[in-house]
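Here is a short note for a colleague who is opening this structure for the first time. Please keep the model in view while reading the points.

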Amino acid sequence: MKRKILLIEDNDQNRYMTTFLLERHGYEVVSAVDGPTGIELASRIQPSLILLDIQLPQMDGYAVARALRQNPALDRVPIVAVTSYAMVGDRENILAAGCDGYTEKPINPETFVAEIERYLRPRNGGNTS
Ligand code: MN
């Protein structure tokens, strides 16, 4: 069974590129263009990982991450922020909001998938020492 990745991203081109790369590596991608839709999808599909744009209309990525982390059913799902912000303090804000890490935009097609795979949990649950 393919592993599902939830992509919450409002920019069409970024969504297209990210989906293309992940699908090429055998992942199933479910995407949402705004926070509320992403939050609703997350509890419904139980993804293996959530990729979260920080700059989203209305509800930004920080608020989305906090909302996701309030759902105990999603407790173990890694959240990786995708951000073009390069300001000092962003990393702290991203982690404080409940994300496991972040990757920077524009994404590098050569390394992107390997980069986010570092956050995936072992498939069988297995020994996570
Ligand atoms: Mn955006």
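1. The sheet. Five strands form an open sheet in the order E2-E1-E3-E4-E5, with parallel pairing. Strands (E, at least two residues) and helices (H or I, at least four) are DSSP runs, numbered from the N terminus. Two strands pair if DSSP finds at least two bridges between them. Strand E2 (28-32) and strand E5 (101-104) are the edges; each has a single partner strand, so one side of each has no neighbour in the sheet. On average, neighbouring strands are turned by 25° against each other, direction ignored.

2. Basis. This is a predicted model: local features need pLDDT of at least 70, side-chain atom pairs count only at pLDDT 80 or more, and totals for chains, interfaces and linings use all residues. Residues are numbered from 1 along each chain as its sequence is written, and side-chain values use heavy atoms, with hydrogens and water left out.

3. Strand E4 (residues 79-83) runs parallel to E5, joined by four bridges. Ala81 has Tyr102 in E5 as its bridge partner.

4. Helices on the sheet. Helix H2 (residues 35-45) packs on the sheet and touches strand E1 (4-8), E2 and strand E3 (49-53). The direction of H2 makes about 165° with that of E1. Helix H3 (residues 61-69) also packs on the sheet, touching E1, E3 and E4, at about 155° to the direction of E3. Contact means heavy atoms within 4.5 Å. Axes are lines fitted to C-alpha atoms, for helices over the stretch in contact; angles run from 0 to 180 degrees between N-to-C directions.

5. The metal. Which residues coordinate the manganese ion? Asp10 (OD), Asp53 (OD) and Gln55 (O) do, at 2.0 to 2.2 Å. Their spacing in sequence is D-x42-D-x1-Q. Asp10 sits in the loop between E1 and helix H1 (12-24), Gln55 in the loop between E3 and H3, 45 residues apart. Donors are N, O and S atoms within 2.8 Å of the metal (3.2 Å for Na, K and Ca); water is not among the atoms, so sites may look incomplete.

6. Backbone points to check. Most residues other than glycine have a negative phi, and most peptide bonds are trans. Gln46, in the loop between H2 and E3, is not a glycine, yet has a positive phi of about 45°. Lys105 and Pro106 are joined by a cis peptide bond, with omega about 0°. Pro106 is in the loop between E5 and helix H5 (112-117).
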